[in-house]
Amino acid sequence: AVAASGLAGAGRAIGGVIALSALGAVKGLGFAGARLIDAVAADHAMFRRLSRRHPAGPPLRALLWQAVMAVILIMVLGSFLDTVIYTAAAVYCFYLATSVAVLVMRRRRPVPAAAFRVPWYPWPILIFAGVCLFLIQGAVVYKPWIALVSFFLILAGFPVFSLSRKLGGSLPLEGDPERIPVKNILPCLASALAFRPSEGEK
């Protein structure tokens with residue numbers, strides 16, 4: 001928009017397109033974020049009240065909670081940009097963790113013959129993970145204290161998760177055959193990066 005500001009009306013037109021794109025992203029993130037809160041609340045006794053839905057179906061309580069938290073963050077941090085930096089560092093950490101989980105699970109589980117096969121696997125996932133690392137590094141360098149606060153908030157989730165399990169959380173860990181012990185994650189990741197096909201891919 002700034003580059004096109006010299007052309008008659010071009011700056012406003014491009015700014016309008018950017019605004020519409022941002023509104024679409026906010027809509028998508030709002031709907032998806034509320035449903036994530038709803039799903040987590042349904043699995044943990046501490047947050048179960050947030051999983052109650054409106055009779056028409058939408059996760060109304062989760063939507064309201066998300067809106068309240070967004071307003072509080074903007075008020076505390078003082079600007080929308082700082083709020084984006086605060087959330088970006090944490091969000092891309094979870095994107096990175098999801099990428100690593102895909103590599104690990106592909107190594108541990110045979111792929112059904114009828115399953116969709118990602119072209120050039122695992123390069124798309126590795127590239128995406130690299131982009132996540134780059135964006136995390138950018139957030140930390142640009143606003144280190146804000147990014148570190150978000151990391152501490154993530155770490156605070158571990159004792160909260162433990163407390164939730166004691167209060168009746170429904171996600172089993174001990175004895176769960178799907179659980180990957182922490183000590184086995186790096187060997188699984190190293191095996192996945194060796195590009196050796198699993199039994200289902202041979």
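Helices H4 and H5 pack at an angle of about 120°, with their axes 5 Å apart; axes are lines fitted to C-alpha atoms over the stretch in contact, and angles run from 0 to 180 degrees between N-to-C directions. The two helices are therefore oblique to each other, the term for angles that are not under 35 degrees (roughly parallel), over 145 (roughly antiparallel) or 65 to 115 (roughly perpendicular). Their contact (heavy atoms within 4.5 Å) involves Ile136, Ala139, Val140, Val141 and Tyr142 of H4 together with Pro144, Ala147 and Phe151 of H5.

The model is predicted, so local features need pLDDT of at least 70 and side-chain atom pairs count only at pLDDT 80 or more, while totals for chains, interfaces and linings use all residues. Residues are numbered from 1 along each chain as its sequence is written, and side-chain values use heavy atoms, without hydrogens and water.

Within H5 (residues 144-166), Ile146, Ala147, Ser150 and Ser164 are buried, that is, under 20% relative accessible area with a 1.4 Å probe and protein chains only, where exposed is over 50% and partly exposed lies in between.

Tyr92, Tyr95 and Phe128 form one aromatic cluster, in which rings pair if their centres lie within 6.5 Å, and planes under 30 degrees apart count as stacked, over 60 as edge-to-face and the rest as tilted.

| Residue | Relative accessible area |
|---|---|
| Tyr92 | 25%, partly exposed |
| Tyr95 | 35%, partly exposed |
| Phe128 | 40%, partly exposed |

Tyr95 and Phe128 make a tilted pair, 6.3 Å centre to centre with 45° between the planes.

Methods
Helices (H or I, at least four residues) and strands (E, at least two) are DSSP runs, numbered from the N terminus. Rings of Phe, Tyr and Trp (its six-membered ring) pair if their centres lie within 6.5 Å; planes under 30 degrees apart count as stacked, over 60 as edge-to-face and the rest as tilted.
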